Amino acid sequence: MIKLIKGGVYYMSGAIVKESVAFMVDKKKRAAQKGTITYGILSAHNKGDSENLKIAFDGLVSHDITYVNIIQSAKASGMSEFKTPYTLTNCHNSLCAVGGTINGDDHAFGLSAAKKYGGNYVPANLAVIHAYMRESEACCGKMFLGSDSHTRYGALGSMAIGEGGGEIVKQLLGKTYDVKMPEIVAVYLKGKPKKGVGPHDVSLALIAATFKKGFLKNKVLEFVGPGIKNLSLDFRCGIDVMTTETACLSSVWETDAAVEEYYKIHGRAKDYRELKPSEPAYYDGAVVIDLSRIEPMIALPFHPSNAFTIAEFLDNAEDLLAIAENTGNKITGGGFKLRDKIKNGKVYVNQGIIAGCAGGSYENIAEASEILKEGINGADFSMSIYPMSQPVFKCLADNGYISSLIGVGAVVKPAFCGPCFGAGDTPANNGLSIRHTTRNFENREGSKPAEGQLSAVALIDARSIAATAANGGVLTPATEFEYVRKIKKYYFDKSIYEKRVYRGVGNPRPEEQLVYGKNIADYPEQLSLPKNVLLRAASVLYDEVTTTDELIPSGETSSYRSNPLRLAEFALSRKDPAYVGRAKAIKAEEENRKASGKFTDELLKEVGIKIAPDTVYASFVAAKKPGDGSAREQAASCQRVLGGLANVALEYATKRYRSNLINWGMLPFICRNFDFKTGDFIYIENLSELLKEKATAIPAKHVSEGKVKNIMLDIGALTDEERDIILDGCLINYNKRR
């Protein structure tokens, strides 16, 4: 089904050939390395050298959970207009459901900012962020940066990257995105999917084969091969958006007549051009996917990589659900059940959701409607469908699919990302929800483990969700369901956006005033990196991976993303509820030290080693592999607001989380001897001087329960700019001082 090829390969004559077989001389290999689509696009956007890229993007995009802080940060850095075209969408807090007026206040702020600084503004519920960008902004050969981890438009010939807000701020100020030249992996597609198999099935199979091995981490995926022509554009985009869950950096696909037709349908024929690798093109590895062998898949709680064919799962349901139960009970402390869903040898599901940038496409919903012709059987299974944009909704309605879906018992709702992150259709505790959405991490989709509440979400393609609904909630792969797969032609009504979207790129109006709501607040001032530091562990996490949802929860926190101090109260609340109190206590001790000029005798006694009198006291978080998942910068900024100065890890799950730490003046330490306990101390002398000297290994003393040992903290490769950002205390300070 999926084959991984380590080491170099060539793409030649439409086939993948291992480097050891191709017998290319070095000169031809060097030429072939420049023959990928990726190399061409990166080179066209690079202002640095061939190894140390400095990328200037063609466009930026954010949604209503992230754009307020980004604009506030850029404004505090001296921004007078958006230097790069910027689109502000409203699809996360678009229901304005909690927190009084604060969601609507953020939207009013966003529109005022688009007018003042010259940006685009997409009103609430008009489209989810990535649907709008595909329909209106993606362009062959261009690059986009978004403050959402699923920023992917590769199937349309655009390279797109999801990052934290700090990287958006840099682009708004005319700066670059700095990254080492990534490795490029060919994803070779062959064959044709069988009826009943959809894009989520291919995605989950790819994620299962690669994520846990780290095979694609921080690499660019380039989709090539004869199988591409057998996939519609909706199908390709559905795979592409899920590449984020492999931990890759970005993706891009060969383009063809189907892509050209997509641009014509959307009134943008001029944005198409053919993109193909040269003959031969060299890649650093390959993934070979035989589409004809892909079966309907299910990703069990609590990660998209926890994936099996539905047939394999049903054959082993008792054992596999027991594993998920055990994981859930470790999270909640007990009481979590899943095996009760097995009745008479069948697995029963409570809820089905088709939504967002992955699930809410025209073809996913239309084909689900064809499967559901006979209706949803019984009240024990509920089903909600969210078309990804109003143009998609309108075409589904005009072609009769919406009426059909409503008529058979499904509930159809407006474009909204809530089911993906915990702000919509939260399942009942101990319920089992199957979803064509992007993620099913623990501590997501409305979970509150500290209160014993845990959402159990499995990822499944829209087709098998519909088959399950038609079968009364009995988990059913769509390949075993008889239906006619005949989808009516899609058309795009551009007038929907023409009537509602504010398009102000290139037309800033400085006389406009920003509209501030009661909840919108600036970040508190941060100090420069001190010479000597005493760090104390406010939380130590020994999980193999710590997600951003665990560092700063999604869902109920979304309304407070515009208020740093209020948001910080939620930091690690689902993983280590005592963290905020510990961090605040360390911060209060530091405030007392600054006021009195000395540490308390109690603290000095607890530390037990001599420390310099001008030492600054701060907290740190230790986690084995933090930062998997969302791009949201608040995973780092909340720690900073609470007085944090560092993370210590074995490795960082994603580049974007490490970038978030750096942009908030946090030290991204690596320590190979990971044996920390909550309350441990790390003492570092001459830290700022060592950074100025470009040291990568920082000597430190680790104090644990009175025992002292010398350790080395690796800070990794930093660009000159990243180093200066840390020294200045954060990106805002760095920009102000320049």
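This report describes cavities, a helix, a sheet and several single residues in a predicted model.

The model is predicted: local features need pLDDT of at least 70, side-chain atom pairs count only at pLDDT 80 or more, and totals for chains, interfaces and linings use all residues. Residues are numbered from 1 along each chain as its sequence is written, and side-chain values use heavy atoms, with hydrogens and water left out.

## Cavities

A search of the whole structure gives six cavities of 30 Å³ or more. A cavity here is a set of points, on a 1 Å grid over the protein atoms alone, where a 1.4 Å probe fits but cannot get out; lining residues have an atom within 4 Å of a point. Grid points are joined across faces, edges and corners, and a volume is the space filled by probe spheres set on the points.

The largest cavity has a volume of about 240 Å³. It is lined by 22 residues, of which H63, H92, D148, F421 and R444 are the closest to its centre. Helix 6 (129-136) and helix 17 (418-421) are the elements that give two or more residues to this lining. Helices (H or I, at least four residues) and strands (E, at least two) are DSSP runs, numbered from the N terminus. By class, the lining of the largest cavity holds seven nonpolar, 10 polar and five charged residues. In this count Ala, Val, Leu, Ile, Met, Phe, Trp, Tyr, Cys and Pro are nonpolar, Asp, Glu, Lys and Arg are charged, and the others, Gly among them, are polar.

## Helix 27

Helix 27 (residues 720-728) is largely enclosed by the rest of the structure, because seven of its nine residues are buried. Buried means under 20% relative accessible area, exposed over 50%, and partly exposed in between (1.4 Å probe, protein chains only). The buried residues of helix 27 are E721, E722, R723, I725, I726, L727 and D728. They pack against helix 7 (165-172), strand 9 (177-180), helix 25 (655-663), strand 29 (667-670), helix 26 (687-692) and helix 28 (731-736). After helix 27 comes G729, with a positive phi near 110 degrees.

Six strands form an open sheet in the order 8-7-4-5-6-23, with mixed pairing. Two strands pair if DSSP finds at least two bridges between them. Strand 8 (159-162) and strand 23 (502-503) stand at the edges with a single partner strand each, so one side of each is left without a neighbour in the sheet.

Strand 4 (residues 59-62) and strand 5 (residues 86-88) run parallel and are joined by three bridges. L60 stands opposite Y86 in strand 5. Helix 7, one of the elements packed against helix 27, lies across strand 4, strand 5 and strand 7 (143-146), running at about 140 degrees to strand 4. Such angles run from 0 to 180 degrees between N-to-C directions, and the axes are lines fitted to C-alpha atoms, for helices over the stretch in contact.

Contact means heavy atoms within 4.5 Å. The contacts given below leave aside neighbours within four places in sequence.

T548 is found in helix 20 (residues 548-551). T548 is buried, with a relative accessible area of 1%, and is in contact with G627, D628, G629, S630, R632 and A635.

K75 lies in helix 4 (residues 67-76) and is partly exposed, at 38% relative accessible area. K75 is in contact with Y117, L514 and Y516. K75 and I732 are 657 residues apart in sequence, and their C-alpha atoms are 9.1 Å apart in space.

E325 belongs to helix 12 (residues 317-332) and counts as buried at 7% relative accessibility. Its contacts are F336, K337, L338 and R339. E325 and Y734 are 409 residues apart in sequence and 47 Å apart in space, C-alpha to C-alpha.

## Backbone details in loops

| Cis bond | Omega | Loop position |
|---|---|---|
| E279 to P280 | near -5 degrees | P280, between helix 10 (257-265) and strand 13 (281-290) |
| P301 to F302 | about 15 degrees | F302, between strand 14 (297-299) and strand 15 (307-309) |

N686 is not a glycine, yet has a positive phi of about 60 degrees. It sits in the loop between strand 30 (681-684) and helix 26 and is partly exposed, at 33% relative accessibility. E705, also a residue other than glycine, has a positive phi near 50 degrees. E705 is in the loop between strand 31 (697-704) and strand 32 (707-714) and counts as exposed at 69% relative accessibility.

Notes. 1 Å grid on protein atoms, 1.4 Å probe; cavity = no way out; pocket = protein on both sides within 12 Å on 5 of 7 lines; lining within 4 Å.
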